[in-house]
Structures are given as C-alpha cells and as structure tokens.
Amino acid sequence: MPHLVTITTGKTRVYLEFNNTANNTTFKMALQKLGANPNTANLRGLCIIRSLVIAGQVGTVFYAEAQLGWLLPYVTLKLLLGAISVFALFSWWRSFRSWPVTDIELFVHLCVDILGFSAVLYFSGGANNPFISYLLVPLCISAATLPWAYAWTLSALACSAYSLLLFFFIPLEAISPLHHQHEALPNTHIIGMWGSFLVSALLISYFVFKMAHRLRQREAELARSREYRLQDDQLLAVATLAAGTAHELGTPLSTMKVILEDLADQQDPENAEDITLLQQQLDQCKDILSKLVSTARDLSESEFITITAKQYLSELIERWQVLRPACELTSKISNDTATISLHLDGTVSQAILNLLNNAADVSPNNISLEVRHTSSDLIFAIKDRGPGLSPQQANLLTKAFVSTKGKGRGLGLFLSHATANRYGGTLSWQQREGGGSHVELRLPLSKISEGA
C-alpha cells in the first residue's frame, strides 16, 4: 500500500509517495536534503555567525599583538579562541547529521556562545570593550527561534554576564576610560552602556519573540489552510464519483427488485424469510440513493430539516437497524438534551451511521450511542468493545482511503471528519476504559440548533 508523506519546509510543501516501508532510508535522505527540521537550519545560521565572529576575534588578537603592542594575556586568549573554534567545527559537523536539532540543543549552543564570548571579554577589558554588544545577537536568535522560557533564560544569562564584566575583568588601558577617575567604580559612560544593554535585552526578548511567534502562527494557519484545501479536493473527487455511482446503480437495483418480486410470488416457504430480508435491504439501498440526491439538492438550496434531538435519534437508530439487523445497540439521551430542536442536513446522519458501522464491524453485540450536550456542543458518543486503535492508526483517522479493516475502503471516518469540520466541530477518538473505542462527534449548538 502506498504511503503519502507530507513535508513542510518554510513556505514549501512537498508530497512524497513510497510504495512500501522498505523506502524508509530514501525518505530519511530526502527529509535531510529538504531540511525539514527548522532548528537544523537555525543551527547552521548560528554556525555562520559564530565563524565570522571567531575569525574577527582571532584577527583582532593577532593585530593587537603584532601592530598595537597592547598588554594582553595572548597565550590564554589563543587557547580560549582555539577551544571555541573546536566547538564551532563540532557544531558544523552536528548540523549535517540526520537526527533533528531540538530546542534545548539550540539553547545550549547559544549558552556556549554567550559564555565563550564573555570569557574572551574578561581577558580583554570586560564591559569597557565596545564589542560587548555582540551579546545581543544570541538573544535575537533565541527570541526568534526558541520558546519563551529559553529566550528569557538566555536574556538573564547575558545580563548577568554583562553585570559581572563591569567589575571582574583584566583591564585594557587603551579602551578603558577608567584611568581618568577612581579605579574602583565604572564611570557614568560605562553605567549608561550597561543600562542600554539591559533595556535592549529586555525589549528583544519580549518584542522579537512576539513577532516571531506571530509569524510561526501564521505559517501554521497557512499549513492548515493548505491541508483543508487538499481535503476539499479529495471530497470533491469522492462526491463526483458518488454522483456517478448513484446514477449507475439505479438500473441494477430495479432489475434486482423485479427478480425478488417474482421469487416472492412463487411462495417458497423455505426461502420466504430470506427473500423478505433481501427486499428490505434492497429498499434500503434505493432509499439511500434517494437520500443522496435529496441531500445534495437540500445543500445546494440551503435547506435543512428541523427535528428534536429525541426524534432524530429514534429515526437514526431505526434506519441503522435496517442496515444491521443482527447488531445490538444501546442508546441513551438525557431529558434536557431530548427537547433540543436541531437544524441539520443529511450529512450528519451519514457521519453517525459511518461511525456506528465501524463499531459494528469490530463489536457487533456491544455498541452504545449516547447523545448529550454541554453549554456549547451537542455530543454523539459511540462506544464499542473492539480491539481499539494503535497511536499510529489514530493519527490516520482523518486521512482518505486509509482503513484499519482489511475490507474497508477508508472513506467512512474521512467523510465523518469532513462533516464535523464543515460545522466547525470535531471528531475525536480515545481508548475506552476496559478495552475498545470511544468516538465522539462534537457539533457546536450555535450551528445546529434551530434559529442559529
């Protein structure tokens, strides 16, 4: 069975179809090439920035030693920059591995950048070094790419590093204004730089994170819109096929009805019960086709039935028992729910019948249908004692042509989910206590009650 995999990278969505599970290696290679994990791309961007900063620092150290003659602990600085360079090479290697970069891993990389750069500043003038503003760069990256808690933790780390470098550092006379006043305290200019950094760190951590969060939300909404559009295309294809099939079934059903009438006239007592059952099933098939046409007409003309919840449930169960006469169904509706007037089209009935049929396929003698409501939703709860679903199967409930039954066509749950979406409701599954499935179809009362 082919597997369709959707990969979203930025603004691009790629669909990959694999004929069998033996292509997992190919899928992983394609996923790596597409850079499907955003933190991997963020880590590579950080590696580029880190490499440029290290190159600038190394160049500055050698220039200060060879040309300017500044008094600095050059051996210590070179060893420190060497260690940071080794970590940078490791980061480059890590960014090209197949396993995804997590948020906490990217957070650790940014922490190392802040601590490593602060150590370099400690040996080169501390807070007097004008390049201390580089500490804002990791904050910008964290605010734009990481969750709120990580961004604020990095902000606290950077501010703490800046504050410590005001008092603990190896002086560099050429860039320090402290020789004009008492050595114990930083002057007003340095205090102002520190205050500016503190305010900038807070603003970046808050506003940049908010802007990035809104952009991520917009990307998620666009992804959902594309998913719904794909679902609509699939529904249109199914609806077109259903219309053609309904037209084609009319002739064979009429032929079968004539033959059954002839068989009934022969009055064979041995087959009379079976013939009666076949006639009922045939009438039900013709009724289903009639409802299909009438529902489509009602939808196009925006016409809906208005009925109480109790009457709706009674008709629904009667209709289903004709389809499944051998199955046992227990129904329940509360008194306050029974009197609610509903304003529904035929697709809701079809959605519930699909759910009942799925339950009957795995547990024909232990099915229950409960109708209740909350302040905002009307809930149809279908329970069975079947084998239930695995987490992987549960994730595929909304996909078309995916069935957990060997004889299924994979459309029942897909159409039921589409009906729930059209009303602004939800279709959810959970494991039933004691074994089995518990499926809930929730529809907003504001959309389905009379006068809505």
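Predicted model: local features only at pLDDT ≥ 70, side-chain atom pairs only at ≥ 80, totals over all residues.

Colleague: What makes Arg 94 count as buried?

Modeller: Its relative accessibility is 3%, and buried means under 20%, so Arg 94 counts as buried.

Colleague: Trp 99 is on that contact list. Why is the pair of Trp 93 and Trp 99 called edge-to-face?

Modeller: A search of the whole structure finds 9 aromatic pairs. In this one, the ring centres of Trp 93 and Trp 99 are 6.3 Å apart and the planes stand at 70°. Rings pair if their centres lie within 6.5 Å, and planes over 60 degrees apart count as edge-to-face.

Colleague: Why is Trp 93 classed as partly exposed, and what of Trp 99?

Modeller: Trp 93 has a relative accessibility of 43%, and Trp 99 has 43%.

Colleague: Which residues do ring pairs link into a cluster?

Modeller: Phe 87, Phe 90, Trp 93 and Trp 99.

Colleague: How do you know that Arg 44 lies over the face of Phe 96?

Modeller: Arg 44 is 4.3 Å from the ring centre of Phe 96. The limit on distance is 6 Å, and CZ of Arg must also be within 35 degrees of the ring normal. The distance meets the limit, and Arg 44 is assigned to the face of the Phe 96 ring.

Colleague: What makes Arg 324 and Asp 361 a salt bridge?

Modeller: Their side chains meet at 2.8 Å, N to O, and the cut-off is 4 Å. The pair links distant parts of the chain, 37 residues apart: Arg 324 is in the loop between helix 9 (309-323) and strand 4 (329-333), and Asp 361 is in helix 11 (residues 346-362). Arg 324 is partly exposed because its relative accessibility is 23%; Asp 361, with a relative accessible area of 25%, is partly exposed too.

Colleague: Why does Glu 370 with Arg 372 still qualify as a salt bridge at 3.8 Å?

Modeller: The cut-off is within 4 Å, and the closest N and O atoms of Glu 370 and Arg 372 are 3.8 Å apart. Arg 372 also forms a salt bridge with Glu 440, where the closest N and O atoms are 2.8 Å apart. Glu 440 lies in strand 9 (residues 437-444) and Arg 372 in strand 6 (residues 367-373), so this pair ties together parts that are 68 residues apart in sequence.

Colleague: Is Glu 440 buried or exposed, and how do you know?

Modeller: Buried: its relative accessibility is 7%, under 20%. Arg 372, at 25%, counts as partly exposed, and Glu 370, at 22%, is partly exposed as well.

Colleague: What is meant by a network here?

Modeller: Salt bridges that share partners join Glu 370, Arg 372, Asp 377, Glu 440 and Arg 442 into one network. The search of the whole structure finds 8 salt bridges.

Note on methods
Residues numbered from 1 in each chain as written. Heavy atoms only, no water. Phe/Tyr/Trp six-rings, centres within 6.5 Å; stacked < 30°, edge-to-face > 60°. Buried < 20%, exposed > 50% of the residue type's maximum accessible area, 1.4 Å probe, protein only. Helix = DSSP H or I, 4+ residues; strand = E, 2+ residues; numbered from the N terminus. Contact = heavy atoms within 4.5 Å. Lists of a residue's contacts leave out its neighbours within four places in sequence.
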